[in-house]
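Hello,

Here is the structure I promised to pass on.

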Amino acid sequence: MTTEVPAILKAVNMRVGDLAASLAFYRDGLGLAVVHEIEGIAVLDLGNVHLVLDAQDDPRTPGGGASLHLYVVDVDAFHGDLVSRGLTPDSPPDDRPWEDRDFTITDPDGYRLTIVQAPVGTEG
């Protein structure tokens, strides 16, 4: 049995070793607009999807992985649905300083998915 996941891809996160060099490549070289920057992270505009360059201290190595950010209509209900299916999210839904409400869950290979409450008007 397959279950349709009502989600929209929001962002692709990429670990980078040198944020300045990565910004030079993506912003200056490829012409992507920077949506915002916070310490160790730059978010670039790819149309309906953001490219997140992440140089924060982390045990993962640059180029070693990615995480997915998915919009859902109701993040709290989706969290409850995953728990009812026997999955164990890494965190409960929480309000973030950048105005997202989200939670994370890690797949069997260690890739982290961040499930995000879709802003009004982007639900589908």
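Predicted model: local features only at pLDDT ≥ 70, side-chain atom pairs only at ≥ 80, totals over all residues.

Residues are numbered from 1 along each chain as its sequence is written, and side-chain values use heavy atoms, with hydrogens and water left out.

The largest pocket has a volume of about 700 Å³. A pocket here is an open set of points on a 1 Å grid over the protein atoms alone, where a 1.4 Å probe fits, with protein on both sides within 12 Å along at least five of seven lines; lining residues have an atom within 4 Å of a point. The volume is the space filled by probe spheres set on the points, which are joined across faces, edges and corners. There are 26 lining residues, and Lys10, Ile41, His69, Trp98 and Asp100 lie nearest the centre. Among the elements that give two or more residues to this lining are strand 1 (8–15), strand 5 (66–72) and strand 8. Strands are DSSP runs of E, at least two residues, numbered from the N terminus.

Strand 8 (residues 112–117) also holds Thr114. Thr114 is buried, at 4% relative accessible area (buried is under 20%, exposed over 50%, partly exposed in between, with a 1.4 Å probe and protein chains only). Leaving aside residues up to four places away in sequence, Thr114 touches Leu68, His69, Leu70, Asp102, Phe103 and Thr104; contact means heavy atoms within 4.5 Å.

Now the charges. Side chains of opposite charge can pair when their charged atoms come close. The structure has eight salt bridges, each a side-chain nitrogen of Lys or Arg within 4 Å of a carboxyl oxygen of Asp or Glu. One joins Asp54 and Arg15 (3.5 Å, N to O), linking strand 4 to strand 1 across 39 residues. Asp54 is buried at 7%, and Arg15 is buried at 9%.

Another pairs Arg85 with Asp81 (2.2 Å, N to O). Arg85 is partly exposed at 43%, and Asp81 is partly exposed at 29%.

Arg101 meets Asp95 in a salt bridge too (3.2 Å, N to O); Arg101 is partly exposed at 24%, whereas Asp95 is exposed at 54%. These two residues and Asp76 are linked in a network of salt bridges.

Best wishes

How values were computed. Helix = DSSP H or I, 4+ residues; strand = E, 2+ residues; numbered from the N terminus.
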